[in-house]
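Hi,

Here is the structure I promised to send over.

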Amino acid sequence: MDSNLIVKKISLDRDKIESFDKYPFNIEVVKNFQELNFDSQVTFFVGENGIGKSTFIEAIAVALGLPAEGGTENFRYETNNTTSELSEYLRIASYNKAKMKFFLRAESFYNFSSEVERLVKEDHFYTLYGSYGGNLHECSHGESFIKLVQNRFTDHGLYILDEPEAALSPQRQLSLLCLIDQLVKEGSQFIIATHSPILISYRDGKILDLNNNFKEVKYEDTDIYSLYRMYLDDAEGMQHRLFDEKKED
């Protein structure tokens, strides 16, 4: 077991759930979930849209005391409450105390950036701009993501990321991969929901397939890798099958 791990196990308190017929407990991946043991500093959640990746990773973040829309434990804001009840039934066991915890999600990053700006302008927390590399609204989406990781993420931290590639070009995804590796070497742990073939290629990561109830899968055996390789190896042929074959039938 990696001595740098912060989160070691997540379990679902199934006995307290009244019904598995209502959301979010009727989601297949939640309905079948018992517990998940961590043995890698970087764990990837992969799976199709709608399988429950974001629901699950949001619940982990909220159960850890982090805001559903992103940030550290010190942020208390809410623009639209769509958080599921799942976090109330998750039990998280830890090995080590995190120096800092942060939930970063592409979907609500604009809201987080707006809250940082509000705290600076209205509450005069001027040091926040220094902590986050400046006013995040004055950068592109991808640049602000990278600046936040570069300036705010520290050693021995716990970082929950929800589809960070949504804001990043392939080149920026490689930059993020380098930052992740640096932070891992400094004792940090990452739990990442993603569709990115670049991110899940991380050599020291563990990939869990939510399509198959958190089954561990090798990089080359993921649907993400297989589909990207199939398309890039023969883009013209793939487009013929996608666009033309139905017309010929």
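A quick definition before anything else: a residue is called buried under 20% relative accessible area, exposed over 50%, and partly exposed in between (1.4 Å probe, protein chains only). Please keep in mind that this is a predicted model, where local features need pLDDT of at least 70, side-chain atom pairs count only at pLDDT 80 or more, and totals for chains, interfaces and linings use all residues. Residues are numbered from 1 along each chain as its sequence is written, and side-chain values use heavy atoms, with hydrogens and water left out.

**Overall picture**

The chain has 8 helices and 9 strands; helices (H or I, at least four residues) and strands (E, at least two) are DSSP runs, numbered from the N terminus. Of its 249 residues, 49% count as buried. If you take contacts (heavy atoms within 4.5 Å) between residues at least 6 apart in sequence, 73% of them join residues at least 24 apart.

**The sheet and its helices**

An open sheet is formed by 6 strands, in the order S5-S6-S7-S3-S8-S9, with mixed pairing. Two strands are said to pair if DSSP finds at least two bridges between them. The edges are S5 (100-105) and S9, each of which pairs on one side only. From one strand to the next, the twist averages 20°. S5 and S6 (residues 157-162) run parallel and are joined by 6 bridges. Along that pair, arginine 105 stands opposite aspartate 162 in S6.

Helix H2 lies across S3 (42-46), S5, S6 and S7 (189-193), and runs at about 155° to S6. H6 (residues 170-185) also packs on the sheet, where it touches S3 and S7, and its direction makes about 145° with that of S7. For these angles, axes are lines fitted to C-alpha atoms, for helices over the stretch in contact, and angles run from 0 to 180 degrees between N-to-C directions.

How much of H2 is covered? Mostly covered is the answer, with 8 of its 11 residues buried. The buried ones are Lys53, Thr55, Phe56, Ile57, Glu58, Ala59, Ile60 and Ala61. Just after H2, glycine 65 takes a positive phi of about 90°.

**Salt bridges**

Side chains of opposite charge can pair when their charged atoms come close. The rule used here asks for a side-chain nitrogen of Lys or Arg within 4 Å of a carboxyl oxygen of Asp or Glu, and by this rule the count comes to 9 salt bridges.

- Aspartate 13 and lysine 16 form a salt bridge, with their closest N and O atoms 3.8 Å apart. Aspartate 13 counts as buried at 18% relative accessibility, whereas lysine 16 is exposed at 52%.
- Glutamate 85 meets lysine 22 at 3.9 Å, N to O. Glutamate 85 sits in the loop between H2 (53-63) and S4 (90-94), and lysine 22 in the loop between S1 (7-12) and H1 (28-31), so the pair ties together parts that are 63 residues apart in sequence. Both are partly exposed, glutamate 85 at 30% and lysine 22 at 37%.
- Glutamate 216 pairs with lysine 206, the closest N and O atoms being 3.8 Å apart. Glutamate 216 is in S9 (residues 215-217) and lysine 206 in S8 (residues 206-209), so this bridge ties together parts 10 residues apart in sequence. Glutamate 216 counts as exposed at 52%, and lysine 206 as buried at 13%.

Salt bridges that share partners also join Asp13, Lys16 and Arg91 into one network.

**A nonpolar patch**

Which residues form a nonpolar patch on the surface? They are Tyr228, Tyr231, Leu232, Leu242 and Phe243, with about 550 Å² of accessible area together. The helices that give two or more residues to the patch are H7 (223-233) and H8 (235-248), and H7 gives the most, with 3 residues. Patches are made of residues with over 30% relative accessible area and no salt bridge; like charges are joined within 9 Å and nonpolar side chains (Val, Leu, Ile, Met, Phe, Trp, Tyr) within 5 Å. Tyrosine 231 lies in H7 and is partly exposed, with a relative accessible area of 30%.

Cheers

Terms used: Areas by Shrake-Rupley, 256 points an atom, 1.4 Å probe, with all protein chains shown as cover.
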